[in-house]
Amino acid sequence: MSALSCSLHRVSLQGHEILRDIALDLPAGRWTAVVGPNGAGKSTLLRALSGLIPVEGQVLLDARPLHDWPAKQRARALAWLGQNESGGEDLTAFDVVMLGRLPHQAWLAAPSSADHAAVQAAMAQTQSWDWRERRLGTLSGGERQRVLLARALAVQAPLLMMDEPLAHLDPPHQADWLAIVRALVAGGRTVVSVLHELNVALQADELVVMAAGRVVHQGSPGDAATRAALQQVFEQRLRLLQVEGQWLALPHT
Amino acid sequence: MTRPAPLLALLLALSAALLLLGIAVGSTGFGWPADEIGRQIVWDIRLPRSLGAWAAGALLGLAGAIAQGLFRNPLADPYLLGGAAGAGLGVALSLTVFGSTIGTSIGLHKLGLSGAAFIGCLAGVLLTLMLARGAEHTLRLLLAGVVVGVVLTAGTNLLMLMKADIMREMQAFLLGSTGLLGWPGVTLMGAALVASLAIAMAGSRALDALTLGESTAQSLGVRLGLMRIVLIAAFALATGTAVAQAGMIAFVGLVAPHLVRNLCPTTHGRLLGLSACTGGALLLAADILARWLFAPQELPVGIVTSILGGAYLLVLMNRRQRRVAA
C-alpha cells in the first residue's frame with residue numbers, strides 16, 4: 001500500500017520547467033530517500049508531493065487527491081521540513097517547536113497537555129530541550145537544524161517529508177537522525193527525505209534516483225540495478241563499496 | 001530578557017504615569033489646575049490630547065508589528081502598501097477642492113481632512129492589492145506598494161505646485177501633530193484600536209508560522225491568502241485611523257515592535273498587544289516632550305519622534321555591528 005503516489009506531467013517554477021513526466025508510488029511504513037545530482041529537481045519534487053507548489057498532474061495522499069484535503073487535515077497527515085529555511089530568529093526554540101502543533105490546535109486555543117508532551121518528546125529526540133528558552137537566532141547552524149527537525153517531528157504526522165535534514169549536522173547527530181528515522185518507520189510512519197549524503201541515503205529502504213527533472217530509477221539500495229542507476233546519474237564517478245554489509249559511495253577521481 | 005506579563009504591566013504603569021504627566025504639562029509648565037478654567041483645560045484639552053497621543057501611537061505600533069510579521073521584514077512600517085501616499089493625496093485633494101480654510105469651524109475642517117486621509121489611506125492600500133492581484137505573493141505586494149507610493153506622491157506634489165497655499169497645511173500633516181486631538185478623535189481611535197487588535201489577534205498564529213517561511217506556514221495548514229487579507233484589513237484600519245487623526249507620525253510604528261522584540265522574544269499573540277502599548281507610551285512621551293521642551297512654544301510631535309527614532313535605530317545598528325564583530 002502506498003502512502004503517497006503521483007503522476008505529474010509537468011512542474012514549472014517561474015516559467016522554467018523543473019520536473020516532467022514523473023510517476024511514483026511511495027510505500028507506506030518505509031523510508032524513501034530521493035537522491036541525484038545538483039539541479040535534478042529533488043527539492044521541487046518534495047514540494048510538489050507536499051502540495052506546496054502548483055503542479056500539472058495529480059498527487060494522491062492516502063488515495064485521495066492532495067488538493068481535496070482540507071488544509072489543516074492535510075497538515076496533520078503530512079509534515080514537511082524545508083531546506084535552509086530562514087527566519088524565526090526572534091522566537092524561542094520552544095515556541096518554534098510548538099508551531100508544529102498548529103494543525104492540532106483549535107483556532108487560537110491554548111496548547112493542550114498533549115501539545116506540551118509532543119513538543120517535549122520531539123525536543124528530547126533531537127536533544128534540543130536544553131535550549132528551549134533561547135532565541136532561534138542565537139543558535140548555531142546545527143543547533144538550529146535540530147530545533148527545526150523537532151518542529152517537524154512535533155507534528156506527529158504519519159508521513160514526514162524532509163529536505164536535506166542533515167544539513168549542518170555533525171556525524172553523531174547524523175547518527176541520531178538515522179535512529180529517529182528508523183524508530184519512526186518501525187512505528188509504522190512513512191519518511192521521505194531528500195539527501196545529499198549518499199552514504200546515509202544508501203541505508204534507506206528505498207531510493208528514488210533522479211536526474212534532469214525525471215525519475216531514473218526507484219528501488220532498494222541492495223539491488224544492483226539501483227546502484228547502476230546511481231552510477232549513471234553521477235556520470236560513473238562514484239566508487240560503491242560494501243563495508244560490513246553496508247553500501248558506501250566515495251567520489252571517484 | 002523579560003517575560004511578556006511583567007513587560008505588559010511595566011508598559012501599562014509607564015503609560016499611566018505618562019498620562020498623569022501629560023495632564024500636568026501645559027503651556028505654563030507643570031501644574032495642577034486650581035480653578036474652574038484650569039479644570040476645563042485639563043478635561044477638554046490636555047486629557048483627550050494625551051489619551052489621543054497614546055491611542056495614535058498604539059495604532060501605529062500595532063500596524064508596524066503586523067507589517068513586520070506579514071512581510072517578514074524588520075524594516076516594514078505602517079506606511080507601506082501605498083497607505084501613506086494615499087492619505088497624503090486625500091488630504092491634498094481635500095485642501096485643493098475645499099480650500100485650506102473651509103468655513104469658520106476648525107472642527108469641521110479637521111473632520112473633513114481626517115475623513116480624506118482615512119479614505120485616501122484605505123484607497124491606497126486597496127489600489128496596491130488590486131495591482132498585486134490579491135495578496136498571494138509578498139514580493140508583488142511590496143512592489144505594487146512602491147508603485148502606488150511613487151505615483152500617488154507625484155500626484156500630491158503636482159497639487160502642491162499648482163496650489164501653493166495648501167503647502168503649509170500639507171507640511172503640518174506630513175510632520176504629524178497631536179495638538180488638535182479631541183474627545184471624538186479619542187473615541188474613534190479607541191474603537192479602531194480594539195477592532196484592529198481583535199482582527200490581528202485572529203491572525204497571530206499565522207504570523208508565528210510565517211516567521212519560519214511561507215512554505216512552512218503552508219505546510220502547517222495556514223491558509224496564507226485568506227490570512228493576508230485579514231491582516232491587511234487590520235493593518236489598514238489601524239494605519240488609516242491613526243494617520244487621519246494625527247498625520248504621518250514617523251518612526252513610532254517602526255521602532256515599537258523592535259523594542260518589544262529586543263526586550264522579550266515572544267509569539268505574535270503577545271507581540272501585537274505589547275507593540276501597541278509600547279507605541280502608545282512612545283508617542284505620549286514624545287507628545288509631552290514636544291509640549292514641554294520649548295514651552296510655551298510647541299514642537300510638532302513628528303519632529304520629536306523622528307529625532308528619537310533615528311537615534312534609537314543608530315544605537316541598534318551599532319550594537320548589531322558590535323555583536324557581529326564579537
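Analyst: Helices (H or I, at least four residues) and strands (E, at least two) are DSSP runs, numbered from the N terminus, and two strands pair if DSSP finds at least two bridges between them. The model is predicted: local features need pLDDT of at least 70 and side-chain atom pairs count only at pLDDT 80 or more, whereas totals for chains, interfaces and linings use all residues. Residues are numbered from 1 along each chain as its sequence is written, while chains are lettered from A and ligands numbered from 1 in the order in which they are written.

Strand S3 of chain A covers residues 31-35. A residue counts as buried if 20 or more other C-beta atoms lie within 10 Å of its own, as exposed if 12 or fewer do, and as partly exposed in between, with C-beta atoms placed from the backbone. By that criterion 5 of the 5 residues of S3(A) are buried, so the strand is largely enclosed by the rest of the structure. A:Trp31, A:Ala33 and A:Val35 point one way from S3(A), and A:Thr32 and A:Val34 point the other way.

S3(A) has parallel pairings with S8(A) and S9(A). With strand S8 (residues 190-194) of chain A there are 4 bridges, and A:Thr32 stands opposite A:Val192 in S8(A). With strand S9 (residues 206-211) of chain A there are also 4 bridges, and A:Val35 has A:Val209 in S9(A) as its bridge partner.

An antiparallel arrangement is found in another group of strands. There, 4 strands of chain A form an open sheet in the order S2-S1-S4-S5. Strand S2 (16-27) and strand S5 (64-65) of chain A are at the edges with a single partner strand each, so one side of each is left without a neighbour in the sheet. S1(A) is joined to S4(A) by 6 antiparallel bridges, with A:Arg10 opposite A:Glu56 in S4(A). Strand S4 (residues 56-61) of chain A is in turn joined to S5(A) by 2 bridges, again antiparallel, and A:Leu60 has A:Pro65 in S5(A) as its bridge partner. S4(A) and S5(A) form a hairpin with 2 residues between them, and A:Asp62 in the turn has a positive phi of about 50°.

Helix H1 (residues 42-49) of chain A lies across strand S1 (2-13), S2 and S4 of chain A, at about 120° to S1(A). For such angles, axes are lines fitted to C-alpha atoms, for helices over the stretch in contact, and angles run from 0 to 180 degrees between N-to-C directions. Two residues are in contact if their C-beta atoms, placed from the backbone, lie within 7 Å.

Chain B, by comparison, comes to 13 helices and 2 strands. Buried residues make up 51% of its 326 residues. In chain B, 17 residues are in contact with 24 residues of chain A. Helix H8 (204-210) and helix H9 (214-219) of chain B each give two or more residues to that side, and H9(B) provides the largest share, 4 residues.

As for confidence, pLDDT is the predictor's confidence in each residue, from 0 to 100. Chain B has a mean pLDDT of 85, and 91% of its residues reach 70 or more. The model scores ipTM 0.91 and pTM 0.89.
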